[in-house]
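User: Could we go through this structure together? I would like to start with the overall fold and then turn to local details.
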Amino acid sequence: MPRFSPLPLALALCTALAAHAEEVAGPTVLQADKIEGTGNTEARASGNVALDRDGRRIEAQWLKLFETTREIRAGDQTRLSQQGDLLEGGELYLKEDTRTGELDAPRYRLGQRQGRGDAVKLLFEGKDKYRLNKARFTTCQVGQDDWFIRARELELDYTRNVGVALNSTIEFKGVPLLYSPYLDFSLDGSRKSGFLSPSIGSSGSGGFELIVPYYWNIAPNMDATIAPRLISKRGLMFNNEFRYLGQDMTGQLTVETILKDRVYGSSRSAFRLQHDQGLAPGLRAGLNLQKTTDDRYFADFGDRIAVASQTFLPREGYLSYSHGNFGAVLRMQRYQTLQDPTNPVAVPYARLPQLTVNYQPALPAPFRLDLNGEAVSFHHPTQLTGERVVAYPSLSMPMEQAWGFVTPKVGLHLSHYKLDDGRSLSRNLPIFSVDSGLYFDREGQFFGKDMVQSLEPRAYYVRIPHRDQSAFPNFDSGVADFNFAQMFSENQYTGSDRINDANQLTLALTSRLFEADSGIERARVAVGQRFYFDRQRVTLNEAARSQDTSASDLIATAGGQPFDHWWMDGAVQTDGNGHQTRKAALNLRYQPEAGKLLNLRYRLDRLTDIKQIDLSAQWPVSARWHVVARQNWSIRDKRSLERLLGLEYNGGCWVFRMVSQRFVTSGNQTSSPFFLQLELNDVGRLGSNPLQTLKESIPGYTKLN
């Protein structure tokens, strides 16, 4: 888990300091303009002095070596270097046997890591132990002093890999931002208990917000984050997250609670437990339990659309087994349904339990046998309940060549219901299909480049006889979204409660244009339509296809990368005669480089009465300033569904972000979070974090620096 370390120079100085106090091994080379000595006990050097010991170098104006007492004195301008790390200062005193000494006015610059700084004095206090007085640290380049971390005293103990900072302050542009009288932290990158960087923000429903998280490193495989969240309009919330990791298990427990929500009038909370456990080779078990106290919890406290728009909270446990071509899953599943009074949704059935089995026994090529089965007990508080057993064995014969493919398939869909109203129902449906396609390629010159154009016709025939299913319950079936991929499926319904009758043929034609050398797909167009030879008789709740309807809607798609830095993907669905557009979608992206991005999205769906346009961007307006923006507009409702506007400043060694967002939540209400963040490179972030929001709202968003 990332944490804010107020003095990361501890990590950075590990090599730069420890190297100069270790036991010297290997030859010693001393060079200077003048060298004098007293036997083998003392050596004095002056003028351009350089002492090399085992890959380390000490440079100074003068230097004294005392072999009897194992002391080194150097000055007046001392320079210590090893492996790209550099430590400069005034007078140096070092006693090698006890690893004690001091360096006046040290300045350090780290070549292998980002970081530099200075101090009034550095004290060597034993093997791998150091103390810096009035120390500063920054990751900014030399000459750029935008921010520093200051500490009155810094202790570094590499024998325990622990650092302690006393009276430390983060200073930005000369202004102190964060102060702490005492902070301890890890020196080797391992996790360390302590406070993380606070988060400050605001939202329309909650007002000013302050989060001060504390990270608890319980054990090497276990940690927790306790994060009090002060919401000015509502009260104090406690966010708690516990994580654990075992040899063959992992899990996370999250608990959020507010004892008294002043706006809502009572306590509110949310709970989530996710666990995955390996029990034996091929055998696993898991839990996904989620619960909240009320329907509006996530709409009020979620700072992102993905959180605020949750409707179904799963409560499930599973046991799975897989070995070779065999797999089985036993699942217990129900949901908590969060209702929006203005747009209520149906409560889904609980599966208590559900068993699915898939097996593919080995057969001689080219035959393939698939055995799929399911047994479910459905439960519901108000609807008809019962049990359903389904078996679907199928035999196919894929025949693939470089010029095309043909795959005939036969199967038998067997279903049996035992309902709580006393009825028993059975359904047996043979299913036959043939999928086939051809590949044609030709090479040529397009736009001055060597290109390859493909032509790929495809035909897919399905035959399923009619069975009257009007008496069968509907536990989990729905009408599948009709799209280009769904045209090549056997059943137009999801789930297993409805199997459509079919005597139909799907014809499609796809053509691609891609560069011969790079393989970049410059263009892709496809058109497809399903043709019916019999009228539809099996329905769910939708109107049946009329007697004279001989073809489905026509679907056409286009996409690819027509120009460098441009990407396009679009689709249109019209009625069989092409008189009316039922659905349309267009995604257009221009991204010449990281940090430069324009998105245009359009969506039309007359079936659900949706007509929206979505614009988003990340674009530099100067060398350092970037604008981030999104506008998702409902043309039908003439209102904004989501609006986002922000600024980012790349300071080289720091990034500043200011983002305002407004989006529609359940109950046709809105949420208006505001994010303000200062990120110090390789150190941490101050303020509320908008990065996840930017990634979700602006497809292709690139984090600066």
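User: Among contacts between residues at least 6 apart in sequence, what percentage join residues at least 24 apart?
Analyst: In the protein chain that share is 46%, where a contact means heavy atoms within 4.5 Å. Please note that this is a predicted model, in which local features need pLDDT of at least 70 and side-chain atom pairs count only at pLDDT 80 or more, while totals for chains, interfaces and linings use all residues. Residues are numbered from 1 along each chain as its sequence is written, and side-chain values use heavy atoms, with hydrogens and water left out.

User: How many helices and strands are there?
Analyst: The protein chain has four helices and 50 strands. Helices (H or I, at least four residues) and strands (E, at least two) are DSSP runs, numbered from the N terminus.

User: And what are the spans along the principal axes?
Analyst: The C-alpha trace of the protein chain extends over about 110 × 70 × 55 Å.

User: Which residues line the second largest cavity?
Analyst: Its lining consists of R53, L65, F66, E67, R70, E71, I72 and E96. Strands β4 (56-66) and β5 (71-75) are the elements that each give two or more residues to this lining. A cavity here is a set of points, on a 1 Å grid over the protein atoms alone, where a 1.4 Å probe fits but cannot get out; lining residues have an atom within 4 Å of a point.

User: What does T69 touch, leaving out residues up to four places away in sequence?
Analyst: T69 touches K95 and D97.

User: Changing topic, which peptide bond is cis with omega about 0°?
Analyst: The bond joining L352 and P353; P353 lies in strand β28 (residues 350-359). The bond from A365 to P366 is also cis, with omega near 5°, and P366 is in the loop between β28 and β29 (368-379). Most peptide bonds are trans.

User: What is phi at K134, and where is this residue?
Analyst: Phi of K134 is near 50°, a positive value in a residue other than glycine. K134 belongs to strand β13 (residues 129-138) and is exposed, at 57% relative accessible area.

Technical notes:
1 Å grid on protein atoms, 1.4 Å probe; cavity = no way out; pocket = protein on both sides within 12 Å on 5 of 7 lines; lining within 4 Å. Buried < 20%, exposed > 50% of the residue type's maximum accessible area, 1.4 Å probe, protein only.
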